[in-house]
Amino acid sequence: MDNVFDMKDFIGTSQGDKAHMLGKFLYFSLSSLLIDREALKKLCSRFRSLSEADRRSVMSFMEFLIEENHLKE
């Protein structure tokens with residue numbers, strides 16, 4: 001990993017909540033990845049209600065999608 005940088009060079013605030021700055025940075029940087037809390041609860045509930053075999057199938061499919069996505073990059 002050769003691209004190391006200091007976040008102080010990229011983020012500046014005149015008055016800031018230093019304790020929560022990383023969370024705010026991630027929130028605004030990853031906003032396209034956020035999911036509504038109620039939707040996440042519903043998804044988790046449905047996943048837990050699956051049989052063990054169905055869970056394995058879902059996880060295998062997710063791993064396949066991740067691998068396919070990485071191959072395209």
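This is a predicted model: local features need pLDDT of at least 70, side-chain atom pairs count only at pLDDT 80 or more; totals for chains, interfaces and linings use all residues.
Helices here are DSSP runs of H or I with at least four residues, and strands are runs of E with at least two, numbered from the N terminus. Residues are numbered from 1 along each chain as its sequence is written, and side-chain values use heavy atoms, with hydrogens and water left out.

The accessible surface of the protein chain is about 7300 Å², 58% of it from carbon and sulfur atoms, by the Shrake-Rupley method with a 1.4 Å probe. Of the 73 residues, 0% are buried, where buried means under 20% relative accessible area, exposed over 50%, and partly exposed in between.

Now select helix α3, residues 52-72, where F61 and F64 lie three residues apart, about one turn of the helix. The whole structure holds one aromatic pair: the ring centres of F61 and F64 are 6.4 Å apart and their planes meet at 25°, so the pair is stacked. Rings of Phe, Tyr and Trp (its six-membered ring) pair with centres within 6.5 Å, and planes under 30 degrees apart count as stacked, over 60 as edge-to-face and the rest as tilted. F61 is partly exposed at 49% relative accessibility, and F64 is likewise partly exposed, at 43%.

Finally, select F47 and R55: R55 lies over the face of F47, 5.8 Å from the ring centre, the criterion being NZ of Lys or CZ of Arg within 6 Å of the ring centre and within 35 degrees of the ring normal.

Terms used. Buried means under 20% relative accessible area, exposed over 50%, partly exposed in between (1.4 Å probe, protein chains only).
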